[in-house]
Amino acid sequence: MNTKIIVALDVPTLEEAIALVEKLDEVSFWKVGLELFVSTGPKILEELKSRSKRIFLDLKFHDIPNTIAGACRVAALFGVDLLTIHAVSGRDTLKAATEAIQAGSASSGIKPPKLIAVSLLTSISSRQLAIDLKIPIELPEYVLEMALMAQEMGLDGAVCSPQEVAQLRDSCGSDFLLVCPGVRPTWAAIGDQKRVFTPAQALKAGADYLVIGRPITASADPQLAWKKVCDEIAAVV
């Protein structure tokens with residue numbers, strides 16, 4: 001069983017999600033994103049936990065400190081393993097989020113999730129960062145600044161493209177979790193991702209977890225696709 005790969009459960013209904021989980025029984029770690037959570041609410045989390053699966057709740061919170069604190073306090077009660085928040089929310093919000101998670105977990109006795117900062121969406125290119133978002137620094141430097149701010153505010157790690165992993169690993173240390181979407185096997189289409197590596201390249205660069213969705217779940221044969229990904233990284237892990 002490969003514990004480095006988080007498979008993105010990016011489907012619109014509970015029925016489709018359960019069918020995928022049952023088809024890919026060897027997958028131990030699943031990502032639940034906005035589409036599925038909006039559709040099912042906590043029900044999908046209950047289904048995954050009943051099957052002893054680990055859960056990456058990828059809702060990418062982004063709001064004012066008080067609102068995020070409340071959301072994180074509630075999310076901590078779900079018993080998920082990873083939870084995301086946008087680093088661009090700012091220092092006050094990041095600090096409020098970490099404090100709320102600890103408070104929520106302490107009052108409930110539930111192990112707190114690892115809080116992971118989204119440094120920059122992997123669908124955004126250097127050109128878009130500069131021209132569309134008017135950010136005047138280079139993309140790798142921006143991602144590093146977001147990760148360092150998150151680490152300073154007590155977060156457990158960052159989401160980044162695999163192209164920035166080596167730099168973040170050197171700067172943030174070995175205990176800072178690095179979660180990488182934008183991972184595409186050699187045989188898969190890139191899709192809407194802009195900053196991609198193969199699974200083997202991402203792990204060699206220092207990623208802790210790889211988030212892979214469509215190359216597996218949208219495949220004509222998800223089980224075969226899962227096996228191909230596992231085989232591709234077998235020599236690295």
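The model is a predicted one, in which local features need pLDDT of at least 70 and side-chain atom pairs count only at pLDDT 80 or more, while totals for chains, interfaces and linings use all residues. Residues are numbered from 1 along each chain as its sequence is written, and side-chain values use heavy atoms, leaving out hydrogens and water.

Let's begin with two helices. Packed helices are described by the angle between their axes and the distance between the axes. Helix α4 (residues 65-75) and helix α5 (residues 91-108) pack at about 30°, and their axes lie 8 Å apart. Helices here are DSSP runs (H or I, at least four residues), strands are E runs of at least two, and both are numbered from the N terminus. Axes are lines fitted to C-alpha atoms, for helices over the stretch in contact, with angles from 0 to 180 degrees between N-to-C directions. The two helices α4 and α5 are therefore roughly parallel (under 35 degrees; over 145 is roughly antiparallel, 65 to 115 roughly perpendicular and the rest oblique). On the α4 side, the contact (heavy atoms within 4.5 Å) is made by Pro65, Ile68, Ala69, Cys72 and Arg73, and the α5 residues include Ala96, Ala97 and Ala100.

Now turn to strand β2 (residues 29-32), where you will find Lys31. Lys31 is buried, at 10% relative accessible area (buried is under 20%, exposed over 50%, partly exposed in between, with a 1.4 Å probe and protein chains only). Beyond its neighbours within four places in sequence, Lys31 contacts residues including Asp10, Phe56, Asp58 and Val211.

Phe29 forms an edge-to-face aromatic pair with Tyr209, at 5.4 Å centre to centre and 75° between the planes. Rings of Phe, Tyr and Trp (its six-membered ring) pair if their centres lie within 6.5 Å; planes under 30 degrees apart are stacked, over 60 edge-to-face and the rest tilted. Because Phe29 lies in β2 and Tyr209 in strand β8 (residues 209-212), the pair ties together parts 180 residues apart in sequence. Phe29 is buried, at 0% relative accessible area, and Tyr209 also counts as buried, at 12%.

Asp156 is partly exposed, with a relative accessible area of 27%. Setting aside residues up to four places away in sequence, Asp156 touches Pro113, Lys114, Leu115, Ile116, Asp175, Phe176 and Leu177.
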